Amino acid sequence: MSGRNSLSSLAKPFDSRTEWVTFFLLAAFVIIFPILSQMGMISSFQVGVWGKYLCYAVLAMSLNILWGYTGLLCLGQCLFFALGGYAFGMYLMLMIGEDPVYKTALPDFMDFQGYKELPWHWKPFYNPFFAVFAVVAVPGVVAFIFGALAFRSRIKGVYFSILTQALTYAATLLFFRNEFTFGGNNGFTDFKFIFGADIREESTTLALFVASGILLLVVYWGLAWLLKTKFGKVQRAIRDSENRVRFSGYSSTHYKVFIFVLSAIIAGLAGALYVPQAGIINPEEMKPSKGLDIVVWVAVGGRGTKFGPVIGAILISLLKSWSTRAFPEYWLIILGLVFVFVVLFMPDGIVGLFEKAKAYLRARKGGESDSGSSNIPVEAK
Amino acid sequence: MDQRLSKLSTRALLIQVILSTGESQTAAIDVIRERGEPIISEVVEAWRIGRISTLGEGEEVQVLIQVSEGQYEDLLTGSALTPSGEPKINRATRSLRKVLKRIVDLLDLKSPDMSKRIAAAEKLGLSQNEEYLPELRELVPKQSDKKVKAAFQEAVWISELKNGRIDEKISAVTSLGEVKSYPARDFIEALLKESREAKVERLDELEAVAEIALKKIDDHQKLVEVASTLVRGLSTGSVLLLVSYGLAITFGQMGVINMAHGEFIAIGGYTTYVVQNFFVGVFGVESAGFGWYFIAALPAAFVVSALCGAILEKGLIQFLYKRPLESLLATWGVSMVLQQVFRLWFGAANVAVASPEWLSGSYELAGISLSYNRISLIVFALIVVLVTWLLLAKTNWGLHVRATMQNRQMSSCLGVPSSRVNMLTFAFGSGLAGLAGAFLSQIGNVGPSMGQTYIVDSFMVVVVGGVGNLLGAALSSMGIGMLDQGLQPVLGPVMGKITVLFGIILFLQFKPGGLFAARSRSLDD
């Protein structure tokens, strides 16, 4: 595929009518939801909740390009999410300004720990542009260093998964430390202003929702485009048979490092938008169990499908918030059983189920054996 | 000494001290002096604060101890009683109190309990109080036990550092150097400083012996530190080995990424808890039978975990052998379910598992303290490695396991009942996790999330050792344990752990297959 073709597919990243319809439904949701809220049909609280879900969806998509399309199961995706969140959280902490208790411009936890002056690495975060830059750069650099090391020595499969889990575990322990200057186990909270606006205003909530929605749509569009390019083909080839890719003369290491960094940056952006909406970021967000949660979202939605991660993240989050209220004692059991069920009976997730139903209907109607051009891997390791 | 008095019980003697005066009182005190019983200090203390009272007159008089408001005990029998009249408070004279205080101070020196005697000697020695030096000196030759005698001798020397003549000081310093007494170190230094300031005679000689003694003590101390780090490393390594050996089988041999491994550990811990409660119910806490509950808990923990493992294999994992990464997801779900089940069943808080008496306490070896449960942990880890090796290498079943793990289809074609072998292997691995849980209940907490504490560590151990290599897992757990304990004194516990984790990540960059990488000609292995 030539370069011009790649560019032209930027305008048309989707293959089938179903995919276009899905995308437009998603876009419609992002547009209609705020309008309904303006009309007073949806509470500001709901807008805030759904804004977080959209961030989760972006996070799930970032894992999907790694796991679903490249075959790299990263159990530490929560780390990049949290790093982005922490980077933006630093800016938000500094925007709180002078607090009534200690009468200093330092974040509360620093007053509490006896700091007299802002540590040097905090100073640039007064500048919102630097904060946004850090949201991209910090997860990107961490992913680059780790990815370059791991892929260079051809760590793959289960080993890669376990190493990413160890990485996020080590980072959690580090962030729990008070001396690490990131608030220890309390993390950052009590934010007041973002880009000069009061963070508790309804309009800010709405703006953050719209920003999350735009991020979701852009990432959705961008990743779909990437899949259509030659790059995306190599990516899937690596998933299906890495050795053949290497024998064909491609450096699979470079591809994998690039995808890993890209995925980390997307996760970091999602985290940065998540933190002002959640109002808190602490090391709990990067615990290994969070990383597994993301994997579950992707698996339930359907990995290696464009829409799967989005629907998986949102559905599981809805299920979680419903069952924690309805069955506070049993929700972990419900969630756990859902995973087991999905793995056993729906290996391709919700989207896979939908595809199967479609193929079944078509087979009954036309009688022809059309397996459909799905993107679902036959057997991914 | 009065023969009649020495035959009386200590309680009766105390009554005589309280009631009589003059010579018969002094005689009774002299006898009490030689008895190291705790009742003496109790009574003396009660007497001091006015809790000793008398009831009745003449021959009928009773001596009472006030236990609390309105509650009395008969001093002679020790039994509780309600006084029939108004008890009269009895107080000791000032001079008598002084005499008694001294007896109480020296009480433990004569205690029949040897460890108490040692502790008392150490305490008096370190106090360097001149008053007790003659008493200590006098008692040294009377000690029959070697350890007790050494402790008394050491106490005398330390006391002499301050209170002795200069020749005594010099010989004390030399002797303390010989026995490498660490507690004496600061005192020797203080003595040296003081002597230099006071410019005492024979200063050169004192300086020379002190230097030698200090060096000896320091060298010994370094040795002790290294040795105890080694021991602690070994025991941390044994914990890692126990928690990861089951995983080395289910993950390393079978290729199942069992995220519920930690919960099998917890099952073992909870089984121990249940067995303990059963023993408490049947035998009672105080009985000798309760002490043996742990012996019963070990096989129980193995069997229960193994059963759960077998159920999990039959119900879930057997469908996922071709999809290892998905076994990760499914078992993660199982792990969440199990954690919540523990919470509902046993409560969200940690449950209390008591250590049996024979496992608590410690053994001192050349200054290194080895607690019994650490030692048994190391021994037990060795047994687990040995038994597993024997099972896999020497039995028919082991042969089947190894064949199935190498190639499921091929061994199945050759008549190995591979589905049963799979189930039994998984059950065995889970059972090992349960055993680990039983042991962890002795050194850590048993709670719903106890498994989560160990899961990342266990995977690390297996990956570093080389997946599929049991010996590698044993070595890597020992190595990681040593490294962890070696770094802890320098960096603190959490930073030490973080460093180890990053170290492992870096290590795998250079040896991606672990210590003992599986060799294969296949490209995708």
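# Exercises on chain B

The centres of domain 1 and domain 2 of chain B, taken over C-alpha atoms, are 34 Å apart. The model is predicted: local features need pLDDT of at least 70, side-chain atom pairs count only at pLDDT 80 or more, and totals for chains, interfaces and linings use all residues. Residues are numbered from 1 along each chain as its sequence is written, with chains lettered from A and ligands numbered from 1 in the order in which they are written.

**Exercise 1.** State how chain B is divided into domains.

*Solution.* Domain 1 spans 3-105, domain 2 spans 109-201 and domain 3 spans 224-510. These bounds come from an automatic or database domain assignment.

**Exercise 2.** Describe how α11(B) and α12(B) cross.

*Solution.* Two packed helices are described by the angle between their axes and the distance between the axes.

Step 1. Locate the helices. α11(B) covers residues 203-253, and α12(B) covers residues 261-283. Helices are DSSP runs (H or I, at least four residues; strands are E, at least two), numbered from the N terminus.

Step 2. Take the geometry. The two axes come within 10 Å and cross at roughly 130 degrees. Axes are lines fitted to C-alpha atoms, for helices over the stretch in contact; angles run from 0 to 180 degrees between N-to-C directions.

Step 3. Classify. α11(B) and α12(B) are therefore oblique to each other. The cut-offs: under 35 degrees is roughly parallel, over 145 roughly antiparallel, 65 to 115 roughly perpendicular, and the rest oblique.

Step 4. List the contacts (C-beta atoms, placed from the backbone, within 7 Å). V243(B), G246(B), L247(B) and T250(B) of α11(B) meet H261(B), F264(B) and I265(B) of α12(B). By class, this contact has four nonpolar, three polar and no charged residues. Ala, Val, Leu, Ile, Met, Phe, Trp, Tyr, Cys and Pro count as nonpolar; Asp, Glu, Lys and Arg as charged; the others, Gly among them, as polar.

**Exercise 3.** Give the helix content and end distance of residues 290-312 and 459-483 of chain B.

*Solution.* An unreviewed UniProt entry annotates both spans, among others, as "transmembrane region". Such annotations may be inferred rather than shown by experiment. Residues 290-312 are 87% helix and 0% strand, with end C-alpha atoms 33 Å apart. Residues 459-483 are 84% helix and 0% strand, with ends 17 Å apart.

**Exercise 4.** Characterise the side of chain B that touches chain A.

*Solution.* Count first: 33 residues of chain B contact 33 of chain A. α14 (324-346), α19 (450-465) and α21 (493-510) of chain B each supply at least two residues. α14(B) gives the largest share, 13 residues. The classes are 26 nonpolar, four polar and three charged.

Notes
Contact = placed C-beta atoms within 7 Å.
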